[in-house]
Amino acid sequence: MKKFRLLFSISLAAIVAFIIVVSDGINNKIAAQSQYAGRTLVMVTSADYPPYEFRDTAAGNEIIGFDIDIANYIARELGFELKIQDTDFSGIIPALQSQRADFAMAGMTPTAERRQNVDFSDIYYEAKNTIVALKGSNFQQPEDLAGKRVGVQLGSIQETAAREFKDVTIVPLNRTGEIIQEVKARRVDAAIIEDTIATGFVANNPDLEFNTIDAGEGGSAIAFPKGSPLVAEFNRVLRQMQSSGEIDRLVNKWFGGEPATTATANDGAFSFAQIAPSIPFILRGILVTLQFTALSAVFGFIWGTILSLFKISTFKPLVWFATAYTSIFRGTPLLLQIALVYYATPQITGYNIPALLAGVITFTLNSGAYISETIRGGILAVDKGQREAALSLGVPYRPMMLDIILPQAIKNILPALVNESIALLKDSALVSTIGVADLLRRAQIVGAERYIYFEPLIVAGVIYYLMVMSLTWGGYALERRLQRSS
């Protein structure tokens, strides 16, 4: 009887403990779902890294890949909506630091340096580095690269690993596709690339080979802003995916089997047939490029005119302001100005500025500085006698400038304004660094997806040339019309 009571007590205690554990788990899950239900979390990635994240440009504009499937699974489990933003790989950490995104997935390895700036989840996939080189190079280990030039992706774990190699010259580039082209052009001797990525490039470029090496830290994890409360919840779901076999299923889906190749990939010097299905995707970037150019040109002209009037003003503070403003924007790189406006604005003001607005503001401010000098030169080129005559006739300053001086100045500087517009159209390609899918960015995405680079860039180059020629002919036509009126 005593044995029966003891057994009953132990069984009851075990059942109670089991219920408590299960209840806690369920309660935690319910609490997490209620906490995030209906909330939209922003994930930032660099969609040029197949099969982790890339776009199927022949089918649409959607970002797909191994990391995207994991992110969608976690989003469903925690009950929030997922929004994905695309940017350069080197812009991912700044995006997290400026609170532009809630987390990042880009095949990112949690190094000690990165941990100083962001938090990481547990590692969800481990990969190895490889040496990619021209066939026959036979670079087996890092020691074989002594005295060689080695290409790596800027800010990647491969760059950190390569810097440990002895007597090598590191060549950091923004994208993996660019590194591969440098290898094929023999400007670098080899590239350090993750094995899953190298497999796709070698399959599509038979003149390349790769050898796996064991170098430094490895493995991919999810990055979060410092102190993010999401880390624990994401780790819980990652452990759930590993125990249920979901991670293995996704690994087999994206990394299993032979990588996709195209039969026409290396049939000749160029293989435009390979990117033909993706050309409509590239063409849609024209509207984005023209949108940036048109808005920036209009606002830049207005702001440049105001600055030019400041510069010819007799009120000294306005002259000093306009002069200092112009020197700052002419003395710093446009790429730096874009990065400052896009990444610093949320950090300073708390306002999450959209990429389109950040680009237009930057180009307007920069273009205004240059245009102000052009307009100032045009105003000063107008005969002073006209101004004196207008003032002597009692014409006020404002109508004199608007109706007499500025129309003549603009007619004189029209070719310079057309040149500024052309420069603006080409400079708009810099918005690709903050993830805007303009013409150049789309060409780069197609290159990453198809494992080739020259063909999509040539297509983008032809489109840019045609747009510039159209703008040039439009400027000539307007100039002839103005000349007839005079």
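Predicted model: local features only at pLDDT ≥ 70, side-chain atom pairs only at ≥ 80, totals over all residues.
Residues are numbered from 1 along each chain as its sequence is written, and side-chain values use heavy atoms, with hydrogens and water left out.

View 1. Helices (H or I, at least four residues) and strands (E, at least two) are DSSP runs, numbered from the N terminus. Of the 486 residues in the chain, 49% are buried, where buried means under 20% relative accessible area, exposed means over 50% and partly exposed lies in between (1.4 Å probe, protein chains only). Among contacts (heavy atoms within 4.5 Å) with a separation of 6 or more, 75% join residues 24 or more positions apart.

**View 2. The lining of the largest cavity.** A search of the whole structure finds 3 cavities of 30 Å³ or more. On a 1 Å grid over the protein atoms alone, a cavity is a set of points where a 1.4 Å probe fits but cannot get out, while a pocket is an open set with protein on both sides within 12 Å along at least five of seven lines; lining residues have an atom within 4 Å of a point. Grid points are joined across faces, edges and corners, and a volume is the space filled by probe spheres set on the points. The largest cavity is lined by 14 residues, of which Tyr 49, Phe 89, Ala 106, Gly 107 and Gln 153 lie nearest its centre.

**View 3. The second largest pocket, with a volume of about 280 Å³.** Its lining comprises 18 residues, and those nearest the centre of the pocket are Gln 85, Tyr 342, Pro 354, Ala 355 and Ile 434. At least two lining residues are supplied by each of β4 (81-86), α13 (334-349) and α14 (355-381).

**View 4. The largest nonpolar core, around Phe 66 and Ile 70.** A nonpolar core is a set of buried Ala, Val, Leu, Ile, Met, Phe, Trp, Tyr and Cys residues joined through side-chain atoms within 4.5 Å. Of the 50 residues in this core, Phe 66 and Ile 70 touch the most other members. Helix α2 (residues 66-78) gives the largest share of the core, 8 residues, and at least three residues come from each of domain 1 (35-126 + 220-256) and domain 2 (129-213), the bounds being taken from an automatic or database domain assignment. Not counting residues up to four places away in sequence, Ile 70 touches Met 105, Tyr 124, Leu 238, Met 241, Ile 247 and Leu 250. A second, separate core of 31 residues includes Ile 93, Ala 95, Ala 104 and Val 436.

**View 5. Helices α6 and α7, both mostly covered.** In α6, 8 of 9 residues are buried, including Gln 181, which has a relative accessible area of 9%. Leaving aside neighbours within four places in sequence, Gln 181 is in contact with Ile 452, Tyr 453 and Phe 454. Just after α6, Arg 186 takes a positive phi of about 65°. In α7 (residues 195-204), 8 of 10 residues are buried, and these pack against β7 (129-134), α6 (176-184), β10 (190-194), β11 (208-213), α9 (246-255) and α17 (439-450).

**View 6. Leu 154, in the loop between β8 (149-153) and α5 (157-162).** Leu 154 counts as partly exposed because its relative accessibility is 34%. Leu 154 touches Phe 89, Ser 90, Glu 159, Pro 172, Leu 173 and Asn 174, not counting residues up to four places away in sequence. The C-alpha atoms of Leu 154 and Asp 88 are separated by 9.9 Å, although the two lie 66 residues apart along the chain.

View 7. Most residues other than glycine have a negative phi, and most peptide bonds are trans.
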